[in-house]
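Hi,

Here is the structure I promised to pass on to you. Have a look at it first, and then read on for what turned up.

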Amino acid sequence: MSFDPTFLAGAQSRLLPLSVPFRFFIAGALFHVISWVLVGLNADTVINFSGGLGFGLAAIHALTLGVFVMTAIGASLQLLPVATKRSARAGGPIVIISLLYMCGVPILVWAMAVHDIEMALWGGVAAAIGLAVYTALIGVNLFHARGLKSVVAFCWAAISALVLLVVLGLLLLLDFDLGFLTDHAALAGVHLIAAVFGFMGLLAVGFSFILIPMFTLSRGMPTWRGSLTLAVSVLAIVLAGFESVYSSKVIAAAAFVAGFSAGAIYLWTMVEMLRSGMRKRLGVPFVLIRISWVLLPIALLLGVLAVGGWIDDQGWRLFGFVLLAGWLLSFLLGILLKIAPFLASMHSATGNGRPARLSSLTPEWPQKVLVVCHPLALVLTGGGIVTGHATWAQAGAMVGTLGAIAVLVYLLEIIRRLSAHRRACSEP
Amino acid sequence: MPSERMPISALLSEEFSDVEIWYEDDAVHIDVSALSAPDPLVATLRLIERPDVGGLIVFHNDREPVHLFAELLELGWAWRVETDRPGVFSMRIFREPTK
């Protein structure tokens with residue numbers, strides 16, 4: 001006898017069907033492809049983006065709503081109940097989130113690209129309702145969570161930012177049509193800060209405190225370290241929001257000091273986890289995660305230079321690009337490469353069959369393609385933004401698209417291997 | 001054999017002060033129910049990696065360790081669940097015989 005046929009039988013209350021996280025992961029991977037294609041087809045517009053509807057805004061939202069939020073929904077719906085010792089509930093709410101969010105985002109992105117405000121509002125409202133249901137579902141889980149106080153606090157802060165960014169996003173869309181806002185750009189700035197640093201940033205940092213020790217086999221950090229990181233991060237985000245509205249150099253300086261401090265505590269903690277971790281060979285995912293950690297302070301530095309007026313408009317664009325595609329996308333891709341086979345392995349045992357090994361579910365070559373393509377795409381597209389040469393950005397987008405396709409293949413291959421494993425188990 | 005509680009420092013590094021580890025019936029027992037994620041996983045794997053724990057560990061927790069199973073498989077360990085009810089989970093973990 002080697003394996004218990006009741007493998008994870010009792011865990012089912014905390015495991016959603018695999019189709020739930022994977023539908024969001026695959027949708028996120030598709031939007032990853034779409035984001036790069038949008039950049040490639042409209043490189044000149046994207047590298048000169050200065051706000052307003054069009055392909056630049058569409059590419060940004062394909063990346064943020066399509067890739068980041070989509071993947072975060074899939075991961076958090078499954079990982080949070082496991083971490084907080086709560087039951088995971090599938091059924092109605094998840095169907096509503098899937099339908100409304102997955103339909104709303106492509107409509108919104110397409111409408112932004114073709115300047116169709118009415119269609120953008122329909123897409124935006126559908127996505128917003130989906131996110132409202134998601135927020136309620138996560139909120140109930142967090143409300144009853146046991147333990148992991150600092151991570152739970154990160155999640156509360158992140159979903160508060162999500163509510164703010166959704167409300168502001170809808171207001172901004174309406175303003176394109178009605179023109180009632182006195183300072184559209186300032187609110188767009190707050191929307192961006194709430195999205196990038198508030199929702200996605202806090203979620204990335206908060207989940208790092210569980211996932212990085214889990215992958216490196218190091219101890220979780222003390223609660224005070226997480227609480228301090230959160231407090232300083234929230235201070236930085238609030239100050240950055242005020243700066244966007246009041247355009248004050250003093251507030252900007254305070255925001256950056258707080259932002260660098262939060263980043264320093266976070267990165268120091270992550271480096272400690274890597275050093276103390278039992279597992280030293282961390283593979284391709286951690287190449288991407290390390291890249292993201294290097295690019296976080298670089299992005300903040302670019303922000304200082306841009307706000308201080310030391311670099312021109314291209315510097316602002318580079319700041320946004322390094323923040324989104326450099327820090328957040330690299331981090332998310334690294335985490336996705338790790339958790340997707342992990343979740344699949346949890347669902348690999350059927351009947352009396354032997355569960356699948358992680359290594360047998362993890363395709364190697366798509367990871368290798370991604371780890372070459374993603375950094376190269378960042379360098380080429382970043383170079384295109386700095387020099388203003390669209391051809392560089394086009395080349396970057398082509399390479400980025402190749403990497404994005406590799407992610408899609410990676411996820412589909414995991415599903416294929418899992419199905420093959422289940423079939424082999426069910427054979428007499 | 002009567003149960004004998006071992007000081008944590010005897011079997012695992014001082015990092016996991018909330019873990020209980022003891023010998024009972026020729027097996028090392030580990031109770032990680034006082035820990036928050038991901039420490040139950042990490043503490044158990046650190047114990048498994050030690051050369052002096054032998055080939056049988058009895059794992060105790062307040063819930064099934066959903067992330068641990070994949071790691072055990074990868075390391076060539078097997079398990080048999082003994083208790084699985086709300087708030088109580090235990091299983092025997094043992095090295096898979098080499099084929």
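This is a predicted model: local features need pLDDT of at least 70, side-chain atom pairs count only at pLDDT 80 or more; totals for chains, interfaces and linings use all residues.

**Aromatic rings**

Over all chains, a search of the whole structure finds 9 aromatic pairs. One of them brings together Phe154(A) and Phe209(A), with 5.7 Å from centre to centre and 50° between the planes, and this pair is tilted. It links distant parts of the chain: Phe154(A) belongs to helix 6 (residues 149-178) of chain A and Phe209(A) to helix 7 (residues 184-216) of chain A, 55 residues apart. Both Phe154(A) and Phe209(A) are buried.

Another pair to look up is Phe215(A) with Phe286(A). Their ring centres are 6.4 Å apart and their planes meet at 85°, so this pair is edge-to-face. Phe215(A) is in helix 7 of chain A and Phe286(A) in helix 10 (residues 283-307) of chain A, so the pair ties together parts 71 residues apart in sequence. Phe215(A) has 1% relative accessibility and therefore counts as buried; Phe286(A), at 0%, counts as buried too.

**Arg225(A) and its two partners**

Next, please find Arg225(A). Its charged end sits over the ring of Trp268(A), 3.9 Å from the ring centre. Arg225(A) also forms a salt bridge with Glu272(A), where the closest N and O atoms are 3.0 Å apart.

**Where the two chains meet**

Now turn to the contact between the chains. On one side are 38 residues of chain A, in contact with 34 residues of chain B. Together the two chains bury about 3200 Å², and 57% of that is on carbon and sulfur atoms. Between chain A and chain B there are 7 residue pairs in polar contact (both at pLDDT 80 or more). Helix 3 (55-84), helix 7, helix 11 (313-346) and helix 12 (358-361) of chain A each supply at least two residues of the side that touches chain B. Helix 7 of chain A gives the most to that side, with 4 residues.

The count of salt bridges between chain A and chain B is 1. Arg279(A) and Glu71(B) form a salt bridge, their closest N and O atoms being 2.5 Å apart. Glu71(B) lies in helix 3 (residues 68-75) of chain B and Arg279(A) in the loop between helix 9 and helix 10 of chain A, so the pair joins two chains. Glu71(B) is buried, with a relative accessible area of 4%, whereas Arg279(A) counts as partly exposed at 21%.

Over all chains, the search finds 6 salt bridges. Among them is the one between Arg416(A) and Glu413(A), at 2.9 Å from N to O. These two residues are 3 residues apart in helix 14 (residues 390-426) of chain A, which means that about one helical turn separates them. Arg416(A) is partly exposed at 47%, and Glu413(A) counts as buried at 18%. Arg417(A) joins Glu413(A) and Arg416(A) in a network of salt bridges.

Happy browsing!

Key:
Residues are numbered from 1 along each chain as its sequence is written. Chains are lettered from A and ligands numbered from 1 in the order in which they are written. Side-chain values use heavy atoms; hydrogens and water are left out. Rings of Phe, Tyr and Trp (its six-membered ring) pair if their centres lie within 6.5 Å; planes under 30 degrees apart count as stacked, over 60 as edge-to-face and the rest as tilted. Buried means under 20% relative accessible area, exposed over 50%, partly exposed in between (1.4 Å probe, protein chains only). A charge sits over a ring if NZ of Lys or CZ of Arg is within 6 Å of the ring centre and within 35 degrees of the ring normal. Contact means heavy atoms within 4.5 Å. Buried area is the accessible area (1.4 Å probe) that two parts lose on being put together, summed over both. A salt bridge is a side-chain nitrogen of Lys or Arg within 4 Å of a carboxyl oxygen of Asp or Glu. A polar contact is a pair of N or O atoms within 3.5 Å; within protein, one must be able to donate a hydrogen and the other to accept it, and residues adjacent in sequence count only if both atoms are side-chain atoms.
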